[in-house]
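Hi,

Here is the structure I said I would pass on.

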Amino acid sequence: MALVALISGRGSNMRALVEAGLPVSAVISNVAGAQGLEFARSRGIATKVLEHRKFASRDAFDAALAAEIDAFAPRLVALAGFMRVLGAAFVQRYEGRLLNIHPALLPSFPGLDTHAKALAAGVKLHGCTVHFVTAEVDHGPIVIQAAVRVRAGDSPESLAARVLAQEHIVYPRAARWFLDGRLLRQNGVVTVKGNDAQLVVSPD
Ligand code: GRF
């Protein structure tokens, strides 16, 4: 039933997974000082640091990362603010058991600075997406989305804060569905056995 979370920084999504009672057996970071590592240690969760800078190539880093992950034999690998693009071979190895959370309503606004991009585009609805990872960055079958209203006067920071609160709700839900074997994938579309809602609309 184990889950390995990959982080690069704050780690609040990883923390949400832990606090929701998900069986996080290890947290691996590509950044030595990642804030989230401290929280994981405080909960007695195994932590590993694998600095990508110390590897000669992306493939070498990916292979070392896979070896660290496989030592925990997880059923699920959850990218939780992992700011490193993973190569096709890595993605293929974890195909169907690799989830990511992205702070936008995909397929809108892949990549970085999603909140600023959403404000610049003038969208009235923004949010976050949990999706299976495929070789194309910030694409892949969508498991659940949460939507928040964009308010007049929002800054990227205020919008990010409301989206983050939703991230902490939907990521644990998606991970639980996965570990309970409730996610079905067909032709790139994900459904949940039992038809639980795959959309959360924040009242805020
Ligand atoms: C989150 O907004 C997540 O969606 C994105 O990076 C941020 C990481 O935050 N991929 P945290 O490290 O989980 O607090």
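Below are my notes on one helix pair and on the salt bridges.

First, some housekeeping. This is a predicted model, so to speak of a local feature I needed pLDDT of at least 70, side-chain atom pairs count only at pLDDT 80 or more, and totals for chains, interfaces and linings use all residues. Residues are numbered from 1 along each chain as its sequence is written, and side-chain values use heavy atoms, with hydrogens and water left out.

**The helix pair**

Helices and strands here are DSSP runs numbered from the N terminus (helices H or I, at least four residues; strands E, at least two). Take helix H1 (residues 12–19) and helix H2 (residues 35–42): their axes come within 9 Å and cross at roughly 20°. The axes are lines fitted to C-alpha atoms, over the stretch in contact, with angles running from 0 to 180 degrees between N-to-C directions. That makes H1 roughly parallel to H2 (angles under 35 degrees count as such). On the H1 side the contact (heavy atoms within 4.5 Å) is made by Met14, Arg15, Val18 and Glu19, and on the H2 side by Gly36, Phe39 and Ala40. Those residues divide into four nonpolar, one polar and two charged, where Ala, Val, Leu, Ile, Met, Phe, Trp, Tyr, Cys and Pro count as nonpolar, Asp, Glu, Lys and Arg as charged, and the others, Gly among them, as polar.

**The salt bridges**

Side chains of opposite charge can pair when their charged atoms come close. Taking a salt bridge as a side-chain nitrogen of Lys or Arg within 4 Å of a carboxyl oxygen of Asp or Glu, the count comes to nine. Arg15 and Glu19 turn up again here, linked with Arg43 in a network of salt bridges.

For accessibility, buried means under 20% relative accessible area, exposed over 50%, and partly exposed in between (1.4 Å probe, protein chains only).

- Lys54 and Glu51 meet at 2.9 Å, N to O. Lys54 is exposed at 64%, whereas Glu51 is buried at 17%.
- Arg93 and Asp70 meet at 2.6 Å, N to O. This pair links distant parts of the chain, 23 residues apart: Arg93 lies in helix H4 (residues 88–93) and Asp70 in helix H3 (residues 58–70). Arg93 is partly exposed at 47%, and Asp70 is partly exposed at 29%.
- Arg185 and Glu95 have their closest N and O atoms 3.3 Å apart. Arg185 sits in strand S8 (residues 183–186) and Glu95 in the loop between H4 and strand S5 (98–102), 90 residues apart.

Cheers

Methods
Parallel < 35°, antiparallel > 145°, perpendicular 65-115°, else oblique.
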